[in-house]
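Subject: Structure for you to look at

Hello,

Here is the structure I promised to pass on. Please open it and keep it beside this email while you read.

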Amino acid sequence: MTNHKQPVFIYDERETQYKFNDDHPFNQLRLTMTVDLLRQAGALPDSAIVTAQAATEQDLLRVHTPAYIEAVKALSSPHPEERWIKEAGRFGLDTDDTPYFPGMHEITANVVGGSMHAVDLVMSGEAPHALHLGGGLHHAMQSKGAGFCVYNDASAAIAYAKEKYGAKVLYIDTDVHHGDGVQWSFYTDPQVATLSIHETGKYLFPGTGAVNERGEGEAFGTKVNVPVEPYTEDESWLECFSEVLGELIARFQPDLIISQHGCDAHAFDPLAHVHCSMHVYKAMPELIHRLAHQWCAGRWVALGGGGYDIWRVVPRAWSLLWLVMSEQALLGQLEAEPQLRLPQAWLDAWQGKSPVQLVDTWLDPVDAWSPIPRRQAIAEKNRQTKEIAMMYLK
């Protein structure tokens, strides 16, 4: 470990209450399953886990309007007043994606508080890295909920790091959906660089994140988007990600990295069309980890995000992120034995609840997957996009 202090895992069971309804794809059972997998693997001691205080209204006001916060609070009541129900649409809180639910203000303020606490721990030097899987709600706008996100904890954490520590922040978003809420929050801010690699918005929510969205004014060149093609696989995804990130971080030289780890670019995810395997979810945090130590004294805060195959994908992907961040010995075993099995106790505990057959290895047996017919054409189109994305980096 390059720092004698240990990474921290920010987790509070109350975050599993972030739940729109029983049929909604955003299901925080994935958090419970991830924590259980890490514990069964002997990779998450109680000493690594910390809880956080809820964000205050002042914290939320750094990135949200007073009117929006008032609406969220009013719609958090078990029985909101009729006038607020009528207003819900104006604030994006009446859609199938992001319907208001009881207690959402308190629950989401807890999520924001967790991401801010991660910033404090890392910027104060108490921990080299911090992981907050309950966070990563990157679609919420200043005055609108969107894309399963009520408050934008990623934006709030960035704004807090800037205000309290004067930090230059590099935000990295690997969710399959464009990190729009964070990008637009800091679109004219040269102290914040954003890199989002996502499936092209031609076919997928939120429809933004084109390669020519680069920031405005002094911030031009600090906002970078790599929209990849549907059915992009590991090699092409990692080529685009690693080259653009390597160049951006060398030019921007941040004080802190905040990364968002939606794992919905996996081939099994039901809400998108990118075809990556678990290999990406090991290689990508390994790269971020290395660059954090190279460029910003290891200061790295990682957040959760999307991920809708909660059985076969999210627990493994998020566990790999923590294994990398905390430099677990298990990673060495994985290098030696790529088809290393998951703990049997975890498989036994969850298979009976899962509607699908669980994958029983840490990494995917990609050799058994059907090949993608247009692999070369997809990789070439992504390469062209990557080259355009790297123009004007700042």
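Predicted model: local features only at pLDDT ≥ 70, side-chain atom pairs only at ≥ 80, totals over all residues.

Which residues of S6 are buried on one side, and which on the other? On one side they are Lys223, Asn225 and Pro227.

S6 belongs to an open sheet of eight strands. The order is S2-S1-S3-S8-S7-S4-S5-S6, and the pairing is parallel. S2 (49-50) and S6 (223-228) are the edge strands. Each of them pairs on one side only. For S6, six bridges make the link to S5, and the two strands run parallel. Find Thr194 to see one of these pairings: its bridge partner in S6 is Lys223.

Now move along the sheet. S3 (residues 129-132) and S8 (residues 300-303) also run parallel, joined by four bridges. There, His129 stands opposite Trp300 in S8.

**Helices across the sheet**

Helix H6 (residues 153-165) lies across S4 (169-173), S5 (192-199), S7 (256-260) and S8. Its angle to S4 is about 165°. Helix H10 (residues 314-325) lies across S1 (8-10), S3 and S8. H10 runs at about 165° to S3.

**A buried loop residue**

Is Leu93 buried or exposed? Leu93 is buried, because its relative accessible area is 0%, and buried means under 20%. Leu93 sits in the loop between helix H4 (82-87) and helix H5 (104-123). Beyond its neighbours within four places in sequence, Leu93 is in contact with several residues, including Tyr68, Val72, Leu75 and Gly145. Thr32 is 61 residues from Leu93 along the chain, and their C-alpha atoms are separated by 26 Å.

**A patch on the surface**

Last, look at the surface. Phe220, Ile388, Met391 and Tyr392 form a nonpolar patch there. Together they have about 380 Å² of accessible area. Met391 is in the segment after helix H13 (375-389). Met391 counts as partly exposed because its relative accessibility is 39%.

Best wishes

Notes. Residues numbered from 1 in each chain as written. Heavy atoms only, no water. Pairing = 2+ DSSP bridges. Contact = heavy atoms within 4.5 Å. Axes fitted to C-alpha atoms, helices over the stretch in contact; angles between N-to-C directions. Patch = residues over 30% accessible without salt bridge, like charges linked within 9 Å, V, L, I, M, F, W, Y side chains within 5 Å. Areas by Shrake-Rupley, 256 points an atom, 1.4 Å probe, with all protein chains shown as cover. Salt bridge = Lys/Arg side-chain N within 4 Å of Asp/Glu carboxyl O. Buried < 20%, exposed > 50% of the residue type's maximum accessible area, 1.4 Å probe, protein only.
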